[in-house]
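Me: I have a model open on my screen and would like to learn how to read it. Could you walk me through some features, one at a time?

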Amino acid sequence: MLEKIYQLLKNKLDRITTDSRSLVEGDIFLALKGNSFDGNEYVEQALNKKAEFVIADNTTFKDNRIIVVPNSYIFLIDLARHHRKKLQTKVIAITGTNGKTTTKELVYHIFKNKYKTLATFGNFNNHIGVPLTLLKLKPRHEFLILEMGANRIGDIAELCHIAEPDSGIITNIGKAHLQGFGNLEGVLKAKTELFDYLQIENKPIFYNFNSTTLVSRIKSYSNYISYGNTGIHADYEYQLVKELPTIELCETTNIVLTSFHSKLFGIHNYENIIAAITIAHHFKIENELIQDGLDSYQANNMRSQIVNYNHNIIILDAYNANPSSMQVSIESFIHFEDQFKWLILGAMAELGEQQDSEHQLLVNQILNKNFEKIILVGAEFEFAKPLKGVLWFDHVESCKIWLDQNMPEGKLILIKGSRSIGLEKLVIN
């Protein structure tokens with residue numbers, strides 16, 4: 001039955017959508033169920049919007065465009081895996097606590113200069129987004145740069161089962177989603193599910209020797225290509241020449257030094273860049289094309305995005321935040337030589353029992369630093385309200401009101417917080 005449906009849909013697999021709201025004429029609507037929604041309730045709506053087919057597992061609506069399956073989610077997984085096996089596309093999987101999206105974009109911008117390449121779009125990196133991404137593959141695609149996210153142990157293993165990656169990288173291991181992982185060891189266990197899969201399949205692992213947490217597990221793996229800083233005895237070694245206001249680095253693996261540069265800034269983005277360069281080297285991409293790819297990538301989507309706002313320079317890094325990413329972002333911000341720096345931080349989400357302690361550690365990190373003003377947003381920071389030099393708001397709306405009335409000029413401002421806080425509202429209308 002799967003092959004029969006596949007043949008029926010194979011020319012329009014990239015138009016399968018699970019969101020009836022964004023559906024346009026000719027799309028294929030797949031009705032999924034979740035904890036708070038049931039896509040089967042929108043079958044009629046999808047048909048009225050002229051969907052070519054509707055795939056559902058619990059509908060009484062009658063129409064010859066409806067394909068009834070036992071379980072829509074399992075069907076999505078099976079269809080994606082079936083399609084993936086039909087193609088010769090090489091899948092490079094990218095996961096990690098921080099930097100996976102930026103690394104994915106860097107790899108994509110480099111690879112598309114030499115190969116026909118597709119990459120994960122937006123945040124399609126979970127158990128639904130990954131199969132939908134696979135279904136967008138065409139026979140012409142030589143590579144898929146696939147981002148894999150995780151909130152709990154077992155997520156990455158599930159995504160490996162779906163996508164069957166041919167190689168993979170873990171950017172780093174840090175404190176994030178602790179509500180699901182429990183602690184740093186839980187994060188390590190979850191992320192290395194990618195390496196466990198690749199080890200069993202005897203496929204290449206790109207190993208970050210700069211990550212002491214990852215290196216602690218190196219004896220578990222054999223088929224790896226290592227990278228890191230000069231003198232760390234990796235297969236590919238690099239040296240950071242300059243991190244601000246933009247990055248310059250050189251590769252020191254060979255006798256002849258090779259220089260690279262990027263519009264990005266900070267030690268955290270240096271790590272993302274050397275990861276992308278290492279992957280590109282493994283797949284025989286020339287240095288000129290690597291540099292072209294680095295040049296073509298401009299940070300956006302609230303990830304280290306530079307925004308000019310009311311005569312201020314804003315570093316907008318409000319897509320997500322966790323203790324590890326907060327630390328590296330603030331450390332890079334401290335190194336900027338500007339005298340007039342404002343720091344606006346939003347609360348961090350999904351920290352579970354460590355929520356209070358991690359927010360306290362963060363506040364300890366930023367006090368007594370050379371910031372002209374510190375603004376904290378979110379109930380998790382209320383304890384810092386009495387502290388000298390700190391301005392606290394319970395939510396972004398009240399902060400926005402104050403900022404509109406007290407908007408400075410000529411400042412360098414870092415805005416960083418978890419997506420749920422919505423700090424982008426401060427500077428994006």
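Me: Which residues does Ile225 touch, not counting those up to four places away in sequence?

Reply: Contact means heavy atoms within 4.5 Å. By that rule Ile225 touches Pro204, Ile205, Phe206, Tyr207, Asp235, Tyr236, Thr278 and His282. A word on the source: this is a predicted model, where local features need pLDDT of at least 70, side-chain atom pairs count only at pLDDT 80 or more, and totals for chains, interfaces and linings use all residues. Residues are numbered from 1 along each chain as its sequence is written, and side-chain values use heavy atoms, with hydrogens and water left out.

Me: Is Ile225 buried or exposed?

Reply: Buried means under 20% relative accessible area, exposed over 50%, and partly exposed in between (1.4 Å probe, protein chains only). Ile225 counts as buried because its relative accessibility is 13%.

Me: Where is Ile225 found?

Reply: Strands (E, at least two residues) and helices (H or I, at least four) are DSSP runs, numbered from the N terminus. Ile225 is found in strand β10, which covers residues 224-229.

Me: Which strands pair with β9?

Reply: Two strands pair if DSSP finds at least two bridges between them. β9 pairs in the parallel sense with β10 over 4 bridges, and also in the parallel sense with β8 (residues 167-170) over 2 bridges. Tyr224 of β10 is the bridge partner of Ile205, while Ile169 stands opposite Phe206.

Me: Which way do the residues of β9 point?

Reply: In β9 (residues 205-208), Ile205 and Tyr207 point one way, Phe206 and Asn208 the other, and all are buried.

Me: What is the strand order in the open sheet of 6 strands?

Reply: The order is β14-β15-β19-β16-β17-β18, with mixed pairing. β14 (305-309) and β18 (390-393) are the edge strands, each pairing on one side only. Strand β17 (residues 373-377) runs parallel to β18, joined by 4 bridges, and Leu376 stands opposite Trp392 in β18.

Me: Which residue caps the N-terminal end of α3?

Reply: Asn71 does, with a side-chain oxygen 3.0 Å from the backbone nitrogen of Tyr73. Among the buried residues of α3 are Ser72, Phe75 and Leu76.

How values were computed: Polar contact = N/O pair within 3.5 Å; in protein donor to acceptor, adjacent residues only side chain to side chain.
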